[in-house]
Amino acid sequence: MNRLEAIEATSKYVSKRHTVLAVDGVPLDVLVDSVRPYLTLLGLVPALLDWLTDPKERALVWQRILPPTGAVAVAPVLVCPDDLNLWCTVVAAEVAPMGSVVGWNRIGVDRSKPKPGEMPEAVGTVVEWFSEIGPYRFDRAKYERCLAAFERSNAEHVAVADRPRE
């Protein structure tokens, strides 16, 4: 069984500590960059952070990261920290919950070329899958704890942003 964790770390382009996805202890951006270094994936940030600028895109990420049992969804898991949207570089995982296990059957880079009216639903319709990594199998309870850590991090970020300035 693999481990999906929410860890606090910095990344290549974000020097402030933030919540990062790690698979078996390795930050996901480091993992995918190791198999496709020419794609410059190092430094991508989790799509689960509340950093995406479009609320529809944020909702799509959370809808797809844990589809109903028996369903399969292609979830954006990493995005470019410069643009913070699903139009730029997106790494996606094919998520398939099966009882007490959540599978990431494949991971790859999104190659969708949607027209403006097709966003964000078109993300993940064309993916260059990485044959060198995956599939991964995560204990569902631990997977849900990882997602809850992102929800807490997002709530803390909002609470700090909402504080009055002195």
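## Contacts of E57

In this predicted model, E57 touches L52, N85, L86, W87, M119 and P120, when residues up to four places away in sequence are not counted. E57 belongs to helix α2, which covers residues 55-65.

Although E57 is buried, it has no salt bridge. The nearest side chain of opposite charge is that of R58, 7.9 Å away. A salt bridge requires a side-chain nitrogen of Lys or Arg within 4 Å of a carboxyl oxygen of Asp or Glu.

## Helix α2

Which residues of α2 are buried? They are E57, L60, V61, R64 and I65. Viewed down the axis of α2, the buried residues fall within an arc of 120°, so they line one face of the helix. P55, K56 and Q63, on the other side of α2, are exposed.

The N-terminal end of α2 is capped by D54. A side-chain oxygen of D54 lies 2.8 Å from the backbone nitrogen of K56.

## The largest nonpolar core

The largest nonpolar core consists of 43 residues. Within this core, the residues with the most contacts are L21, L28, V32, V77, W104, I107 and Y143. Helix α2 is one of the elements that give two or more residues to the core. Others include the helices α1 (28-35) and α3 (140-162), together with the strands β2 (14-23), β5 (73-79) and β7 (101-110).

L28 illustrates how such a core residue is surrounded. Apart from neighbours within four places in sequence, L28 is in contact with L21, A22, V23, V77, L78, W104 and I107.

Methods. Residues are numbered from 1 along each chain as its sequence is written. This is a predicted model: local features need pLDDT of at least 70, side-chain atom pairs count only at pLDDT 80 or more; totals for chains, interfaces and linings use all residues. Side-chain values use heavy atoms; hydrogens and water are left out. Helices (H or I, at least four residues) and strands (E, at least two) are DSSP runs, numbered from the N terminus. Buried means under 20% relative accessible area, exposed over 50%, partly exposed in between (1.4 Å probe, protein chains only). Lys and Arg count as positive and Asp and Glu as negative; His and the chain ends are not counted. Contact means heavy atoms within 4.5 Å. A nonpolar core is a set of buried Ala, Val, Leu, Ile, Met, Phe, Trp, Tyr and Cys residues joined through side-chain atoms within 4.5 Å. The arc is that of the directions from the helix axis to the C-beta atoms. A polar contact is a pair of N or O atoms within 3.5 Å; within protein, one must be able to donate a hydrogen and the other to accept it, and residues adjacent in sequence count only if both atoms are side-chain atoms.
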